[in-house]
Amino acid sequence: MTKNETLPTLYVPGDALTLPDNDQWQFRFEIHSETSNRVYIVAQHKKKLHWACSCMAWKRYRHCKHLSSIGVPNYEKPYPVIVK
């Protein structure tokens with residue numbers, strides 16, 4: 001990203017519970033499943049800057065609908081953002 005480019009803004013869903021950062025992950029928040037009563041944690045890796053989800057699809061395939069629904073790339077692609 002060049003100096004003149006600005007980072008995209010990620011808006012955390014209004015009903016999402018934000019969680020404190022830990023050693024590896026930042027911008028942690030809960031996202032509710034649209035098809036069940038499950039709750040997943042979505043977060044950004046502090047060093048690699050990719051986004052991840054605690055759902056089984058992301059754990060197995062590194063791709064999930066939860067990341068897609070908030071507009072961040074899957075497959076451990078670095079994606080720095082401004083979080084609001």
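1. In which strand is Gln44 found? In this predicted model, Gln44 belongs to strand 3. With a relative accessibility of 1%, Gln44 counts as buried, because buried means under 20%.

2. The side chain of Gln44 makes a polar contact with the backbone oxygen of Leu49, at 3.2 Å. Setting aside residues up to four places away in sequence, Gln44 touches Gln24, Trp25, Gln26 and Phe27, then Leu49, His50 and Trp51, and also Tyr79, Pro80 and Val81.

3. The largest nonpolar core has 19 residues. Those that touch the most other members are Phe29, Val42, Trp51, Cys53, Trp58, Leu67 and Ile70. At least two residues of this core come from each of strand 2 (25-32), strand 3 (39-45), strand 4 (51-53) and helix 2.

4. Beyond its neighbours within four places in sequence, Trp58 is in contact with His50, Trp51, Ala52, Cys53, His63, Cys64, Leu67, Asn74 and Glu76.

5. Tyr75 is not a glycine, although its phi is positive, at about 65 degrees. Its relative accessibility is 54%, so Tyr75 counts as exposed, the cut-off being over 50%.

6. Glu76 likewise has a positive phi, near 60 degrees, in a residue other than glycine. At 33% relative accessibility, Glu76 counts as partly exposed, because this value falls between the limits of 20% and 50%.

Terms used: Residues are numbered from 1 along each chain as its sequence is written. This is a predicted model: local features need pLDDT of at least 70, side-chain atom pairs count only at pLDDT 80 or more; totals for chains, interfaces and linings use all residues. Side-chain values use heavy atoms; hydrogens and water are left out. Buried means under 20% relative accessible area, exposed over 50%, partly exposed in between (1.4 Å probe, protein chains only). A nonpolar core is a set of buried Ala, Val, Leu, Ile, Met, Phe, Trp, Tyr and Cys residues joined through side-chain atoms within 4.5 Å. Helices (H or I, at least four residues) and strands (E, at least two) are DSSP runs, numbered from the N terminus. Contact means heavy atoms within 4.5 Å. A polar contact is a pair of N or O atoms within 3.5 Å; within protein, one must be able to donate a hydrogen and the other to accept it, and residues adjacent in sequence count only if both atoms are side-chain atoms.
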